[in-house]
Amino acid sequence: MERAKRSVLSEFAVPAAAVGVGLVLGAVLMLLTGASPLRGYGALLQGSFGSPVNVSETIVYITPLIFTGLSMAVAFRCGLFNIGAEGQFIVGMVAAAVAGCSIRGLPWILHMPISVLAGAAAGALWASVPGFLKARFGVHEVVNTIMMNYIALYLSHYLVNGPIKDPAVTSPYSREVLASARLIRFMGEGGAFRVNMGTLIAIGAAFLVYYILWKTTVGYEIRAVGHNPDAARYAGISVAKNIITAMAISGALAGLAGSVQVLGIQYRFLDLFAFEGYGFDGIAVSLVGKNHPFGILASASLFGVLARGAQTMQGMARVPKETVGIIQAAVIFFVAAEGLIEGWLPGRRLLGSILPRKEGKSDGARSRNA
């Protein structure tokens, strides 16, 4: 029991130390640009938690990052790099918008979950394509998923300017989803508070992913393939089946992010002129969260707070919002290069014995476990 506690501490102490180093680096950058770090971070906290509306908007920022972080984690656990979460997020938005406005006559208890699941199914199908190509022909998933991102972006552009465009408006918008398909907003409709039950779905998804990965045979096989596909194959585990399964689950989670964005925030699909970035941010969220569902809840919160607070940092403290991007990059850098924290940085001495060295683990195995 004590050993397990020390292991958990060691897993999460490195990201926590990396966050601290990133914040210190951000403070140095503010000083170099002539800004006050105290005023800058004060503005960041004010923008994120300074009022009930700000808290609501911070949660709105955090919610899709939880989904896309989980999406990346499932793929990472199977040894895959699903950089296509952005495309799966887009097709999830389109599918949820179509289901939300075209299915009529159903009560909320049926229409809402069907619309949410439509986005998840679209994301799963979209991710299954590169998963199948990887499993069947050995085509690298990174190239395929990048291309699938662009296909999703331009396909959505075509659809919202043609087949699914709302004829009542001139802008390239889909029809508004029906009230029976919308996620409930906690503070009611029509106000400034946009936080909705999509956040609860995201938290539930984190617990579900944890259960699947660590409490089911499917999750065990996915992790086994990620650790060592040759050993998994020798043990009788189908590597191809688990690659497709992991990509489908990963895509479903990214598609859920799109569903929640449309059904809880926008209420219609709006034409995208560029990538939203939630899928790409999910990579960083997953890495900082050590590819663990509960770690991802924490890292998504951190990135959501930084993203929301960056706006007020620029307005109130005259700190360039790019500083926040540098802080995020520094955090990711130090988490990826965890040896810097565990080894010669003062962090190890300060953290003392809670950071035992991972003796006997090769660099390759450590990379796959990450």
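1. Tyr-150, Tyr-154, Phe-275 and Phe-280 together make one aromatic cluster. The rings concerned are those of Phe, Tyr and Trp (its six-membered ring), and two of them pair if their centres lie within 6.5 Å. Planes under 30 degrees apart count as stacked, over 60 as edge-to-face and the rest as tilted.

2. This is a predicted model, in which local features need pLDDT of at least 70 and side-chain atom pairs count only at pLDDT 80 or more, while totals for chains, interfaces and linings use all residues. Residues are numbered from 1 along each chain as its sequence is written, and side-chain values use heavy atoms, with hydrogens and water left out.

3. Searching the whole structure gives nine aromatic pairs. One of them joins Phe-132 and Phe-137 in an edge-to-face arrangement, at 6.1 Å centre to centre and 85° between the planes. Phe-132 is partly exposed at 41% relative accessible area, and Phe-137 is exposed at 54%. The classes are buried (under 20% relative accessible area), exposed (over 50%) and partly exposed in between, with a 1.4 Å probe and protein chains only.

4. Phe-207 and Phe-294 have ring centres 5.1 Å apart and planes at 55°, so this pair is tilted. The pair links distant parts of the chain, 87 residues apart: Phe-207 lies in helix H7 (residues 198–215) and Phe-294 in helix H12 (residues 293–316). Phe-207 is partly exposed at 48% relative accessibility, and Phe-294 is partly exposed at 32%.

5. A charge also meets a ring: the charged end of Arg-182 sits over the ring of Tyr-267, 4.0 Å from its centre. The criterion is NZ of Lys or CZ of Arg within 6 Å of the ring centre and within 35 degrees of the ring normal.

6. Ser-259 belongs to helix H10 (residues 239–266) and is buried, with a relative accessible area of 0%. Leaving aside residues up to four places away in sequence, Ser-259 touches Gly-92, Met-93, Ala-96, Ser-115, Val-116, Gly-119, Ala-120 and Gly-264. Contact means heavy atoms within 4.5 Å.

7. On the whole chain: it has 16 helices and zero strands, both taken as DSSP runs numbered from the N terminus (helices H or I, at least four residues; strands E, at least two). Of the 370 residues, 50% are buried. Among contacts between residues at least 6 apart in sequence, 75% join residues at least 24 apart.

8. The accessible surface of the chain is about 16900 Å², and 67% of this belongs to carbon and sulfur atoms. Areas come from the Shrake-Rupley method with a 1.4 Å probe; for residues, only the protein chains shown count as cover.
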